[in-house]
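Here is a short briefing for a first look. Have the chains open and follow the topics in order.

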Amino acid sequence: MQNTQEITKQPLTRRALKAHSWMGLFISAFMYIICLSGTIAVFHNEFERWEQPQIQESHEIDTVAAERALSTFIQQYQEETEHFHLVFPTSGIPRLVVENDHIAHFVNADGSLGEIERSHWTKMLVDMHLYLHLPNSIGVFIVSAFGGLLCAIILSGFLSHPRIIKDAFRLRRGGTGLQENIDMHNRLSVWASPFHLMIGVTGAYFGLASLLIIILSQAFYGGNNQAVVDEVFAPEPKLEQPLQTPNITKALQYVLDNDPDSDVLFLTVHEPNTPTQFIEIYVQKPQRLIYSENYRFKANGEFLEVGNYEHGPMGTQIVFSFYRLHFGDFYGLPSKVLYFILGLMLTVVSATGINIWLNKRKTKDIVNYTWPAIVWGTPVALVMSAWLNLFVHTRLDAVVWGVLVIISGYAYFQKNEVKFLFQIKTLLGMVILGFVATYIGMFNTAVLSVASLQINIPLIIFALYLIIKQYLMRHHQ
Amino acid sequence: MMVFVACTLCLLSSYLLFVGWKSHKHTVATLGWVCLLASFYFWHVALGSEFGVLFGLGTLSVFVWIWIVSQYKWQKNSTLNKQSKPLAWNNQSVLRNTAWVLHHFIILMVISSLFTIAFINLLPIERTTQVAAGIISIPIVWAILSLWQLVTVKPWQTFIITLLGGTASALYLFV
């Protein structure tokens with residue numbers, strides 16, 4: 001920070017640019033990791049399928065198979081749980097899954113229990129985006145704070161950009177790389193700013209919601225947090241019923257008959273095996289961003305109420321839309337591809353921001369050497385963790401951060417950015433190809449399934465692009 | 001079909017904006033914005049208003065890159081030989097920046113939350129809408145406060161005003 005006299009002399013745009021740089025530097029590395037992991041995690045459903053490509057897939061809901069699977073599951077897993085879930089093939093993953101709070105099984109076509117669900121790598125990826133692999137309560141708070149600061153960076157970026165219209169379509173490449181980075185950074189951030197601002201606001205929600213609840217409950221509800229939640233979301237019904245096996249077929253049939261245009265996402269039995277148990281079925285409404293409309297039933301399958309998220313108060317509808325709005329999971333593949341591209345733009349903006357700062361400095365130090373290691377080392381670490389995940393079930397988060405530290409250390413000791421960039425990009429391509437080859441060897445014929453091909457083909461294309469480009473660049477030099 | 005029309009209009013809109021920018025013709029650029037508005041109508045018909053707005057804005061952000069990339073200027077590659085130096089570590093500067101970071105990260109977050117909730121509570125809207133408005137507004141208010149602190153020529157005065165605003169909001173909410 002500078003002294004007051006010096007600051008007073010500077011025009012607002014210059015002060016805003018300094019503010020923009022300061023905030024950018026402070027959040028850059030973590031923002032880059034959050035953006036990159038979030039961009040990849042747009043396809044989390046696809047990655048879950050890809051981790052177990054051998055599982056049989058279907059788009060049909062078979063109520064008989066679902067009921068049989070649930071009753072078998074309840075008999076097999078009698079440990080204490082607060083929920084049983086049935087996730088339907090219309091939820092985004094065309095597989096029927098039955099689970100409690102501890103374990104999940106795929107369901108075979110005849111309703112028998114299939115393989116145990118194992119999506120450790122996808123979970124690690126999503127946790128990286130949501131919590132930066134920190135303990136959940138702290139992690140969600142910190143990542144959300146980055147969402148808030150992203151809004152500040154966007155605002156300061158606009159204030160510090162007097163040539164916003166003059167340069168709207170300008171792109172200079174080559175040179176020292178400074179102009180290229182500036183142009184990429186400014187064009188990407190300006191044109192995609194509505195999306196980036198929306199991501200900032202909705203991202204901040206996940207952590208700020210708990211702070212908001214605490215303040216509201218202390219101010220207006222005598223410290224009762226649940227009362228605030230119940231004000232926005234439908235409160236759970238208070239029931240006293242004789243104990244019985246939940247009649248999910250009757251409940252499911254009710255929804256299929258009365259709401260045929262919606263997609264059934266999943267079914268939850270709350271507080272199972274207690275007098276207060278009830279069934280809740282979540283359905284995705286067409287053309288709506290709200291996460292779901294919820295149908296509630298007594299244990300005997302008798303209809304109770306709807307959550308009223310579709311036609312409820314505007315505030316409830318807005319809050320209930322934040323999830324799909326942030327993760328882009330609302331219109332199948334088209335919305336995911338769009339979010340992937342726009343997310344990639346934000347990732348590049350984070351990376352080029354630091355590139356600009358590094359390029360403008362007169363000298364080089366450890367930051368110049370380790371920054372490319374973070375940018376290119378993170379995807380390498382992610383692929384290596386996926387590779388390891390094929391053989392052993394271990395702490396994948398530790399693997400990712402460990403690999404990142406090793407790559408950063410290597411980059412620092414090598415002290416040659418150009419050579420390092422060539423090596424790391426080639427390494428990324430090679431690691432991807434090596435991983436895909438191992439994957440093919442392990443899953444045999446299952447690699448020809450949609451679940452496998454839709455991830456592996458883009459991966460192979462990206463890896464070949466990286467390797468060929470590096471080879472051509474070196475050849476050209 | 002509607003999606004195709006919406007996409008075509010969006011592409012046309014991005015092209016007109018590009019041509020308007022390149023030729024400095026405001027009429028062409030305005031026509032581009034009109035095309036974008038028209039594309040929103042077709043997005044709305046095809047996918048509903050909620051998805052329509054997202055796709056309309058999102059596709060424009062992507063389509064403009066066709067024109068940006070199509071006319072990029074190549075400059076001859078050159079490298080700057082910078083001197084390598086050990087990291088200049090200044091304890092005082094690190095401490096000052098850490099305190100500043102914590103101020104932006106925690107204090108301004110709490111103040112913006114208190115201020116926003118207190119302000120929204122004064123509005124004649126139902127509680128659920130107040131909560132939603134709060135969730136949307138807090139990051140924006142936080143961003144504005146944070147930016148104000150950074151660009152102001154009188155940082156201490158700004159800090160005290162912000163603190164007083166937060167205290168007043170807390171008193172209004174809790175006392």
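This is a predicted model: local features need pLDDT of at least 70, side-chain atom pairs count only at pLDDT 80 or more; totals for chains, interfaces and linings use all residues.

A search of the whole structure finds one cavity of 30 Å³ or more. The structure has zero disulfides over all chains.

**The cavity**

- The largest cavity holds about 80 Å³ of space.
- Its lining draws on chain A through Leu212(A), Leu216(A) and Phe220(A).
- From chain B, the lining takes Ile117(B), Ile120(B), Asn121(B), Arg127(B), Gln130(B), Val131(B) and Gly134(B).
- Three helices each give at least two lining residues: helix 8 (193-220) of chain A, and helix 4 (91-121) and helix 5 (127-151) of chain B.
- Helix 5 of chain B supplies the largest share of this lining, with four residues.
- By class, the lining of the largest cavity counts six nonpolar, three polar and one charged residues.

**The cysteines**

- A disulfide needs the two sulfur atoms within 2.5 Å.
- Cys10(B) is buried, at 0% relative accessibility.
- For Cys35(B), the closest cysteine sulfur is in Cys10(B), at 9.6 Å, so this pair too is too far apart for a bond.
- Cys35(B) also counts as buried, at 11% relative accessibility.

**Tyr205(A)**

- Tyr205(A) sits in helix 8 of chain A. That helix also contributes to the lining of the largest cavity.
- Is Tyr205(A) buried or exposed? Tyr205(A) is buried, with a relative accessible area of 12%.
- Which residues does Tyr205(A) contact, leaving aside neighbours within four places in sequence? They are Phe233(A), Val319(A), Phe322(A) and, from chain B, Ile135(B).
- Gly147(A) is 58 residues from Tyr205(A) along the chain, yet their C-alpha atoms are separated by 8.3 Å.

**Helix 10 of chain A**

- Helix 10 of chain A spans residues 248-258, and its buried residues are Ile248(A), Ala251(A), Leu252(A) and Val255(A).
- Seen down the axis of helix 10 of chain A, these buried residues fall within an arc of 95°, so they line one face of the helix.
- An α-helix has 3.6 residues a turn, so residues three or four places apart point the same way.
- What covers the buried residues of helix 10 of chain A? The cover includes helix 4 (63-76) and strand 1 (83-87) of chain A. It also includes strand 6 (263-270), strand 7 (278-284) and strand 8 (293-297) of chain A.

**Two loop residues with positive phi**

- Gln287(A) is not a glycine, yet it has a positive phi of about 60°.
- Where is Gln287(A)? Its place is in the loop between strand 7 and strand 8 of chain A. Both of those strands are among the elements that cover the buried residues of helix 10 of chain A.
- Gln287(A) is partly exposed, with a relative accessible area of 39%.
- Asn444(A), again not a glycine, has a positive phi of about 45°.
- The loop that holds Asn444(A) runs between helix 16 (417-443) and helix 17 (450-476) of chain A.
- Asn444(A) is exposed, with a relative accessible area of 53%.

Terms used: Residues are numbered from 1 along each chain as its sequence is written. Chains are lettered from A and ligands numbered from 1 in the order in which they are written. Side-chain values use heavy atoms; hydrogens and water are left out. On a 1 Å grid over the protein atoms alone, a cavity is a set of points where a 1.4 Å probe fits but cannot get out, and a pocket is an open set with protein on both sides within 12 Å along at least five of seven lines; lining residues have an atom within 4 Å of a point. Grid points are joined across faces, edges and corners, and a volume is the space filled by probe spheres set on the points. Ala, Val, Leu, Ile, Met, Phe, Trp, Tyr, Cys and Pro count as nonpolar, Asp, Glu, Lys and Arg as charged, and the others, Gly among them, as polar. Buried means under 20% relative accessible area, exposed over 50%, partly exposed in between (1.4 Å probe, protein chains only). Contact means heavy atoms within 4.5 Å. The arc is that of the directions from the helix axis to the C-beta atoms.
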